[in-house]
Amino acid sequence: MSQKAHLLIRKGRVIDPNTGRDEVLDVLIENGRLVRIAASLDAPGAEIINAEGMLVLPGLVDTCVHLSEPGGGRSGSIASETRAAASAGITHLCAQPNTDPVIDSTAVVRLIRERSFKAGFAKVLPLAAMTQQLEGRQLAEMATLKEAGCIGVSNAGRPVQDALVLKRSFEYAATFDIPVMMRPQDAALSAGGCAHEGPVASRLGLPGIPAVAETIELSRALILCEATGVRLHVQQISCSASTALIRDAKARGLPVTADVSIHHLLLDESALEGFNSDCHIQPPLRSREDREALLVAVADGTIDAVCSQHIPLGSSSKQAPFPSTRAGIAGIETLLPLMLKLVDQGALTLHRAIALLSSGPARCLGQQIGHLEIGRNASLCVVDAAAMRTPIDDWLSAGKNSPWLDAELPGNVRLTVCEGRVTWLSD
Amino acid sequence: MIPSPPSANIQLTADGRLKHFLSVEGLPRPLLEEILDGAASFVEVGDRSIKKVPLLRGKTVVNLFFEASTRTRSTFELAAKRLSADVLNIDIAKSATSKGETLMDMLWNLEAMASDMFIVRHSDSGAPFFIANHVTPQVAVINAGDGRHAHPTQAMLDMYTIRHYKGRFAGLKVAIIGDVLHSRVARSQIHALNILGAEEVRVIGPKTLLPKDIESLGVSVYTDLAAGLRDVDVVIALRLQKERMDSALLPSEGEFFRLYGLNNDRLRPAKPDAIVMHPGPINRGVEIASEVADGPRSVILHQVTFGIAVRMAVMSMCISGQESGL
């Protein structure tokens, strides 16, 4: 994307959860570096972005994205999905290792880093497979993969059933201070299920996944976290009981962080009425009480981050009866708009919502990102939070699997700058 | 909160007539009564020497069975033929790969043959809804059983049977026994009985065979057979599949029969004139003893006879609902 050497963002409301700053200020970027944030800056020759009435935020950080490359075919590429991310203010995203081939070799890490760099839309932070082929039997080369650029390990939602393998995975990761990312779900308790085990699934006759499928696996992970001292980031918790487990673990001082998908904050099991396969996701949408408990947990800091859990799927993936459809929502473009919707509804303050998308996920990932720091390459976005949009009108992800395509949502991203490069600029 | 709520009832035309029959849930009581009344007039057709009426003459009915079935498919076929329709039977073993595309391609092909009605059985809950949402509007879809979700024509023939023997629904207590978890028949029966005004619907079984929060469907839950059968007017035993013994749901057929199987002695708490029903095919000595299945209270074989008439009623209503929409 062509650009002048200097960029002056004028009169935006600058919010940085890291420092607590919230003021109308100018922001000056010179040769990609964030050099000043102050009132009434002057920069001759700089390109001017008028941000009056808009928010200037740290570049957003998404802790869970499925990029579909390598191996995704028609359901998207690194270029298509990172461009969608840039259009939504996201500068850094964590890529899950369940690609084809799996991210368990340095060659795959290198391929992902090269392609994302070449595409130039977002900084991709790859996760390494925790076990080879994600099979839960033998450790992957975690230390080597960390050196190659992976920021953590994950089994991408696939359970490691063998407690010995799980314990050793945690011990080995702890040795090299590699954070473990984990979406807890017991294999046997979730086998064949596609909906929350509750009144809606019982009525629709959909095979259920009970909440205990999550809490049993989460409890096991927390016990092993305590025993091994590994840094554990729990991904996409879905039920009230899990928030209690996380709250308790944090109170006991365990090195634990947690995220939730934006969809679990807005939708519950009732969204499945009429066999709506756009709302078929894993973990399943649970009860209203669970959703309310998750909202409390994001507000009070029990949950540190909200992610898109972006899974772009080809159209045929949802063209089947509900239980045979693939689980997932292409969520990267609606992450910020849906958070702004929660703010509009009064469920979250604007400051908390922004922290959950920037400083919070940065802390979960152990990365120095998600803040506006003078002297570093700039990562930020400029957002018109009042503008209403219908996502389908300018959808970019290759996956159109979203229940929000035709909804009217707040938030239009005017500018995204990722590590000094302009990655998105709209009119 | 729900982004795109699917239309509340895709089964009905704008003026409230039946155009698909996918589920009993959400249908108004007069419509269920219309099905039962219609069936009553078709029962008489079965007694004639020439068992045909011309209501579906020139129409093509496709039996689209993704799951094996002999009885249900045969009764639908007979019902369609007695209505003078042309019938095409397609048995599709559900392939494990790319079902979605295969299913869509197949539907478009069948539509191209100018079919007027699909009778669908599928192992996935919701499959007939998916098909009804994707076929051209002129094709009626009838659910012949989808996963654990619904089997509405079976439920309606059971309602016909109950009305035939009891004359009413008001004041009736009905007990459904056994594997409710996996039963599409039970779910449809529960909806139908509640819509038609039965006094109480009970489900009886061990907790492993009862769906979570099943009370929300409007039933009382019993785990003890004697307590659940007390003073009931109608007893419905559900089929227990043999494979349930392999998945830690039950220890053995023997223990299930000892605790929940029907024999004359265990039926004693029910009302003296209680009838015994079963959607078939029955497992003698598992959920029901022969002395009950073949005994005076059993109406199991009559259910089959009524099944043809009920399906004739549903098919003719759907075709006329479709035509009224043109």
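In chain B, B:Pro281 sits in the loop between strand S9 (275-277) and helix H9 (290-293); helices (H or I, at least four residues) and strands (E, at least two) are DSSP runs, numbered from the N terminus. The model is a predicted one, in which local features need pLDDT of at least 70 and side-chain atom pairs count only at pLDDT 80 or more, while totals for chains, interfaces and linings use all residues. Residues are numbered from 1 along each chain as its sequence is written, and chains are lettered from A and ligands numbered from 1 in the order in which they are written.

Chain A has a cis bond of its own, from A:Glu69 to A:Pro70, with omega near 5°. A:Pro70 belongs to the loop between S6 and helix H1 (78-87) of chain A. That loop between S6 and H1 also holds A:Ser68, which has a positive phi of about 60° although it is not a glycine. A:Ser68 is buried, with 27 other C-beta atoms within 10 Å; buried here calls for 20 or more other C-beta atoms within 10 Å of the residue's own, exposed for 12 or fewer, and partly exposed is in between, with C-beta atoms placed from the backbone. A:Gln309 is another non-glycine residue with a positive phi, near 40°. This glutamine is in the loop between S15 and helix H11 (335-344) of chain A, and counts as buried with 30 C-beta neighbours inside 10 Å.

Both S6 and S15 turn up again in the sheet of chain A. Eight strands form this open sheet, in the order S6-S7-S8-S9-S10-S13-S14-S15, and the pairing is parallel. Strand S6 (60-65) and strand S15 (305-307) are the edge strands, each pairing on one side only. From one strand to the next, the twist averages 30°, with axes taken as lines fitted to C-alpha atoms (for helices over the stretch in contact) and angles running from 0 to 180 degrees between N-to-C directions. Two strands pair if DSSP finds at least two bridges between them; S8 (residues 123-129) and S9 (residues 152-154) of chain A are joined by three. Across that pair, A:Leu127 has A:Gly152 in S9(A) as its bridge partner.

Chain A splits into domain 1 (6-55 + 376-387 + 406-425) and domain 2 (59-365), bounds that come from an automatic or database domain assignment. Their C-alpha centres lie 29 Å apart. The contact between them takes 18 residues from domain 1 and 23 residues from domain 2, two residues being in contact if their C-beta atoms, placed from the backbone, lie within 7 Å.

As for the two chains, 30 residues of chain B are in contact with 28 residues of chain A. On the chain B side, helix H3 (99-112), helix H4 (127-134) and helix H6 (184-195) each supply at least two residues, and H3(B) gives the most, with five residues.

The largest nonpolar core has 239 residues, of which B:Met117, B:Val235 and B:Met315 touch the most other members; such a core is a set of buried Ala, Val, Leu, Ile, Met, Phe, Trp, Tyr and Cys residues joined through C-beta atoms within 7 Å. Helix H10 (residues 300-324) of chain B gives the most to this core, with ten residues. Neighbours within four places in sequence aside, B:Met315 is in contact with B:Leu56, B:Ala79, B:Ala80, B:Leu83, B:Met117 and B:Ile142.
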